[in-house]
Amino acid sequence: FDPAVVLPRASSRPLRRPQFLAIVSSAVLAQHLLGKSTGKVDGFVVEGPTAGGHNAPPRGRPQLNEQGEPVYSPKDQLDFAQMNRLGVPYWLAGGFGSPERLREAQSLGAVGIQVGTPFAFCDESGLNDEIKRNVIEHWTSSKEEHVFTDPVASPTGFPFKVVPVAGTLSEKSVYESRPRRCDLGYLRSTFVRPDGAVTYVCPAEPEASYAKKGGDAGDCSGRKCLCNALLANVGLGQHQHDGYDELPLLTAGDDLTWLRRFVKPGGHQYSARHVLAYLLARPEETAGTP
């Protein structure tokens, strides 16, 4: 990518290389990347299994709990001593969205934290307003406290956090009524056919198409088209030629109950300012906050 082609006026100015912050799930992976990278790694975002979006799969033999979610063990906990020995700044993500956990992260050696979920539902977020309202009203007025870690939803094969929201692909009946298609292809993988030709595959595409390319149709079970769903999350869902309107599939970190810190039952909105004020507050200012 040459910025001068897109921004000709910038060609006369010296361009600085942007910092590269790699997302990893363990100190072992961070160390490996530092040793193998052909360029400088400026820092790491270390995501734990409670973070929203995609999670790293558990280490060791895969196991599922009674709800059908991946089971994480002490093997998946970050080795802070090893991480600190790398001498590279890092930020912690996944369940660190509170002033107490911010201070804890810094005391353990992290520079700070990465926070996503609290900002995802604020006024300034790009999420569809109706979705935000539904989630806020539901999670501030009910006792439901569970975001499902779906081991198969993502075509990438990584576990993916799914927020249960009525009328979205999180509902089995809604998912099954969607015509299978892969027309955006952002998560496709390259595949070499027996004749040497290179094609693209995605287990969220129609099973027959996937199998025809040489894939195992069994890999398609439960896979969901994140490309279309995530665009629908921000109001850009496609209206397909067959009349189907693409529906959202919402993701978030495990703990959505923190919404009650910003919104009282019956309320439906809050600002990013509220989140920042909360994260940067002194301990005595957040005492007693649920």
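Let's start with the lining of the second largest pocket: its largest share, 3 residues, comes from helix 4. Two other elements matter here. Strand 2 (43–47) and strand 3 (90–93), like helix 4 (99–108), each supply at least two lining residues.

A word on the source. This is a predicted model, where local features need pLDDT of at least 70 and side-chain atom pairs count only at pLDDT 80 or more, while totals for chains, interfaces and linings use all residues. Residues are numbered from 1 along each chain as its sequence is written, and side-chain values use heavy atoms, with hydrogens and water left out.

Back to that pocket. What is a pocket? On a 1 Å grid over the protein atoms alone, a pocket is an open set of points where a 1.4 Å probe fits, with protein on both sides within 12 Å along at least five of seven lines. Lining residues have an atom within 4 Å of a point. The second largest pocket has a volume of about 330 Å³. Volume means the space filled by probe spheres set on the points, and grid points are joined across faces, edges and corners. The lining has 20 residues, and G48, P49, Q77, L78 and F96 lie nearest the centre. By class, 9 are nonpolar, 7 polar and 4 charged. The classes go like this: Ala, Val, Leu, Ile, Met, Phe, Trp, Tyr, Cys and Pro are nonpolar, Asp, Glu, Lys and Arg are charged, and the others, Gly among them, are polar.

Stay with F96 for a moment. R101 lies over the face of F96, at 3.9 Å from the ring centre. The rule for a charge over a ring: NZ of Lys or CZ of Arg is within 6 Å of the ring centre and within 35 degrees of the ring normal.

Now the largest pocket. How much space lies in it? About 560 Å³. It is lined by 31 residues, and G52, G116, T117, A252 and G253 lie nearest its centre. Helix 5 (117–120) and helix 9 (226–233) are the elements that give two or more residues to this lining. Helix 5 gives the most, with 3 residues. The lining divides into 12 nonpolar, 14 polar and 5 charged residues.

C225 is buried, at 7% relative accessibility. Buried means under 20% relative accessible area, exposed over 50%, and partly exposed in between, with a 1.4 Å probe and protein chains only. C225 and Y175 are 50 residues apart in sequence, yet their C-alpha atoms are 9.7 Å apart in space.

Next, aromatic rings. The structure holds 4 aromatic pairs. Rings of Phe, Tyr and Trp (its six-membered ring) pair if their centres lie within 6.5 Å; planes under 30 degrees apart count as stacked, over 60 as edge-to-face and the rest as tilted. W258 and F262 are edge-to-face, 5.7 Å centre to centre, with 65° between the planes. W258 counts as buried at 5% relative accessibility. F262 counts as buried at 17%. W258 also pairs with Y270: the centres are 6.2 Å apart and the planes are at 85°, so this pair is edge-to-face too. That pair links distant parts of the chain, 12 residues apart. W258 is in the loop between helix 9 and helix 10 (259–262), and Y270 is in the loop between helix 10 and helix 11 (272–279). Ring pairs link W258, F262, Y270 and Y278 into a cluster.

T140 is in helix 6 (residues 129–141). Is T140 buried or exposed? T140 is buried, with a relative accessible area of 6%. A polar atom of its side chain lies 2.6 Å from the backbone oxygen of I136. For the backbone oxygen of E137, the distance is 3.5 Å.

E205 is in the loop between strand 8 (198–201) and helix 8. E205 is buried as well, at 4% relative accessibility. Its side chain makes a polar contact with the side chain of S209, at 2.7 Å. A polar contact is a pair of N or O atoms within 3.5 Å; within protein, one must be able to donate a hydrogen and the other to accept it, and residues adjacent in sequence count only if both atoms are side-chain atoms.

Notes. Helix = DSSP H or I, 4+ residues; strand = E, 2+ residues; numbered from the N terminus.
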